[in-house]
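Me: I'd like to learn how to read a protein model, one feature at a time. Can you walk me through this one?

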Amino acid sequence: MKKLYCFDFDGTLTYKDTMFMYLKFYDSAKFRVQFLRHVPLFILLKLKLAETEKVKKSFIGSILKGQSQEKIEKKAKQFFEEHYPKIVRENALDFINNMDRNNTQSLLVTASLDIWTQPFAEAFQMQLVSTRAEFKNGFFTGNFIGRNCNGKEKLVRIKAEINDHKYDKIIAFGDTSGDKQMLKWANEGHYQFFH
């Protein structure tokens with residue numbers, strides 16, 4: 001029986017949101033300044049008066065734009081080494097470690113950037129489907145390649161990744177409204193399963 005597992009990352013497999021954690025880890029002084037500057041935008045976001053993608057791009061860009069890919073990836077590796085497996089929910093890790101790898105394909109489907117989620121995907125032995133950072137001449141432009149991987153976009157990206165492969169069962173795990181389409185599309189959609 002061929003299965004496809006689709007796991008959301010932040011909050012589903014982890015206890016915390018890794019975007020804020022990584023950006024703070026990257027440059028804590030800059031993070032504090034930019035966080036305060038972005039508070040009005042975060043409030044508008046909560047009130048659904050601002051676009052998630054724009055606010056996210058602005059906040060990430062305010063810390064990482066113009067930084068070298070080499071430094072960003074090095075810090076991502078250090079971030080992973082410092083926080084794995086501590087930030088991963090224990091029962092989620094048990095579930096992942098006990099999956100039948102011969103008959104399953106597993107995707108880590110996240111709105112977080114590939115910058116800091118790639119090392120986690122590798123540790124989980126999953127293919128990463130994420131928001132992608134744009135680098136030019138070895139430096140982060142502050143832009144994304146394509147759209148923010150959330151909501152409907154998660155489903156678009158999953159379908160592109162599996163490319164007409166047929167599965168006997170598709171099982172998805174999520175914990176927010178951004179996972180709704182993915183959970184609905186799967187044969188089995190589990191909401192806050194590891195909480």
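Me: Let's start with strand S1: how many of its residues are buried?

Reply: First the words. Strands (E, at least two residues) and helices (H or I, at least four) are DSSP runs, numbered from the N terminus. Buried means under 20% relative accessible area, exposed means over 50%, and partly exposed is in between, using a 1.4 Å probe and protein chains only. In S1, 4 of the 5 residues are buried, so the strand is mostly covered. Keep in mind that this is a predicted model, where local features need pLDDT of at least 70, side-chain atom pairs count only at pLDDT 80 or more, and totals for chains, interfaces and linings use all residues. Residues are numbered from 1 along each chain as its sequence is written, and side-chain values use heavy atoms, with hydrogens and water left out.

Me: Which strands does S1 pair with, and in what sense?

Reply: Two strands pair if DSSP finds at least two bridges between them. S1 pairs with S2 in the parallel sense over 5 bridges, and Phe 7 stands opposite Leu 108 in S2. S1 also pairs with strand S5 (residues 169-174) in the parallel sense, over 5 bridges. There, Tyr 5 stands opposite Ile 171.

Me: What do the buried residues of helix H7 pack against?

Reply: Here you look at contacts, meaning heavy atoms within 4.5 Å. The buried residues of H7 (residues 152-162) are Glu 153, Lys 154, Leu 155, Arg 157, Ile 158 and Ile 162. They pack against strand S1 (3-7), strand S2 (104-113), strand S3 (127-136) and helix H8 (180-185).

Me: What about a loop residue like Ala 186: buried or exposed?

Reply: Ala 186 lies in the loop between H8 and strand S6 (188-191). Its relative accessible area is 8%, so Ala 186 is buried. Leaving aside neighbours within four places in sequence, Ala 186 is in contact with Ile 170, Ile 171 and Ala 172.

Me: How do I read a pair of aromatic rings?

Reply: You describe the pair by the distance of the centres and the angle of the planes. Rings of Phe, Tyr and Trp (its six-membered ring) pair if their centres lie within 6.5 Å; planes under 30 degrees apart count as stacked, over 60 as edge-to-face and the rest as tilted. By this rule there are 32 aromatic pairs here. Take Tyr 22 and Tyr 26: their ring centres are 6.0 Å apart and their planes are at 50°, so this pair is tilted. They are 4 residues apart in helix H1 (residues 18-26), so about one helical turn separates them. Now take Phe 80 and Tyr 84: with centres 4.8 Å apart and planes at 20°, this pair is stacked. Phe 80 counts as buried at 15% relative accessibility, while Tyr 84 is partly exposed at 24%.

Me: Which residues make up the aromatic cluster?

Reply: Phe 9, Tyr 22, Phe 25, Tyr 26, Phe 79, Phe 80, Tyr 84, Trp 116, Phe 120 and Phe 124 form one cluster. A charge sits over a ring if NZ of Lys or CZ of Arg is within 6 Å of the ring centre and within 35 degrees of the ring normal. The charged end of Lys 75 sits over the ring of Phe 25, 5.2 Å from its centre.

Me: Which residues have the most contacts inside the largest nonpolar core?

Reply: In soluble globular proteins, nonpolar side chains tend to be buried together. A nonpolar core is a set of buried Ala, Val, Leu, Ile, Met, Phe, Trp, Tyr and Cys residues joined through side-chain atoms within 4.5 Å. The largest one has 41 residues, and those with the most contacts inside it are Phe 7, Tyr 22, Leu 64 and Phe 124. Another core, of 14 residues, lies apart from it, with Leu 4, Cys 149, Ile 158 and Leu 183 among its members.
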